[in-house]
Amino acid sequence: MTTNQNGNISTDVSDFLLNCFARSPSWQLSISLPLSLLFLLAMGANGILLITIRLEASLHEPMYYLLSILSLLDIVLCLTVIPKVLAIFWFDLKSIGFYACFLQMYIMNCFHAMESCTFMVMAYDRYVAICHPLRYPSIITDQFVAKAAIFILARNIISTVPIPILSSRLHYCGRNVIENCICANMSVSRLSCDDVTINGLYQFAVGWTLLGSDLILIFLSYSLILQAVLRLKAEGAMAKALSTCGSHFILILFFSTILLVFVLTHVVKKKVSPDVPVLLNVLHHVIPAALNPIVYGVRTQEIKQGIGRLLDRAWY
């Protein structure tokens, strides 16, 4: 590919090679089995959860619709990353097409931002349920979920689309080995012969604006929930209130903890192996996806009962 004066894509590279764990190749063998089991668990658990919510009329409520959105996002993220990583581990299929790499980059950035936004909407749902229980049925309606879904899609599709566009328009003049298991933006952009300052600044600005604002609103929602819970006087009311949002809070911890550890390893990257952030980046796409439906299934009585009825029908 070449560049013309109109600024079209210019590159001497037709594909990239994903070089997983270049400094710790033995990790591939030891990680492949747990990773494949986590992938199967994520696909199976989210699939069962979606089917249960779809078939059980008692679960046709806004809270469970939001949980369905989260499960769909988890499934897409897993399918975008994990099969390719396992193909590298098992069959040494390191090659990924030029445009396929930037498509993967876009899906990862966009759907992670969508997931963060979904957690923020779910936090608002719990805030209304705890702090304004009498108004909950009139505020959190099916129309609210539809509008929230449109907002989640529009905000994140539009704000993340420049990331792969900026990277794909760089001039890749020969180097095509990505020191990563996935097509992370800066891992790819550093291979180009051009200045990647704008790419890095945009990714940083969008990441902290989207994820940062979501986390602030989530923290605010839970602060208000905590204040409301501490004012409850009725016996058992506090435990019941905390139980209704406990599952959601655990999911946020899964999502944010791995992300925080990933960021911290980049900050202290001189003291840890460069392969550690790569591993954490891969795990961030599968561990929350595997645990999210399990946490809700275990902690939510209605979902447990729905899955039980679904299994009874399938068995008999």
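Two residues are said to be in contact when heavy atoms of one lie within 4.5 Å of heavy atoms of the other. In the predicted model described here, Phe119 makes such contacts with Leu70, Ile218, His248, Leu251, Ile252, Phe255 and Asn292, where residues up to four places away in sequence are not counted.

Phe119 also stands out within the largest nonpolar core, which has 44 residues and in which Leu67 and Phe119 are the residues with the most contacts inside the core. At least two residues of this core are supplied by each of helix 1 (26–55), helix 2 (62–91), helix 3, helix 5 (142–160), helix 8 (197–230), helix 9 (237–267) and helix 11 (287–299). Of these contributions, that of helix 3 is the greatest, at 15 residues.

Helix 2 and helix 3 pack with their axes 10 Å apart and at an angle of about 160 degrees. Because angles over 145 degrees count as roughly antiparallel, helix 2 is described as roughly antiparallel to helix 3. The crossing in which helix 2 passes helix 3 is left-handed.

The aromatic residues were examined next. A pair of aromatic rings is described by two quantities, the distance of the centres and the angle of the planes. With centres required to lie within 6.5 Å, the count comes to 13 aromatic pairs. In one of them, the rings of Phe16 and Phe98 have centres 5.6 Å apart and planes at 20 degrees, and the pair is therefore stacked, since planes under 30 degrees apart are counted in that way.

Because Phe16 lies in strand 1 and Tyr172 in the loop between helix 6 (162–168) and strand 3 (177–178), the pair ties together parts that are 156 residues apart in sequence. Tyr172, like Phe16, is buried. Phe16, Phe98 and Tyr172 belong, together with Tyr99 and Phe102, to one aromatic cluster.

Notes:
Residues numbered from 1 in each chain as written. Predicted model: local features only at pLDDT ≥ 70, side-chain atom pairs only at ≥ 80, totals over all residues. Heavy atoms only, no water. Phe/Tyr/Trp six-rings, centres within 6.5 Å; stacked < 30°, edge-to-face > 60°. Helix = DSSP H or I, 4+ residues; strand = E, 2+ residues; numbered from the N terminus. Buried < 20%, exposed > 50% of the residue type's maximum accessible area, 1.4 Å probe, protein only. Core = buried A, V, L, I, M, F, W, Y, C linked by side-chain atoms within 4.5 Å. Axes fitted to C-alpha atoms, helices over the stretch in contact; angles between N-to-C directions. Parallel < 35°, antiparallel > 145°, perpendicular 65-115°, else oblique. Left-handed = near helix turned anticlockwise from the far one by under 90°.
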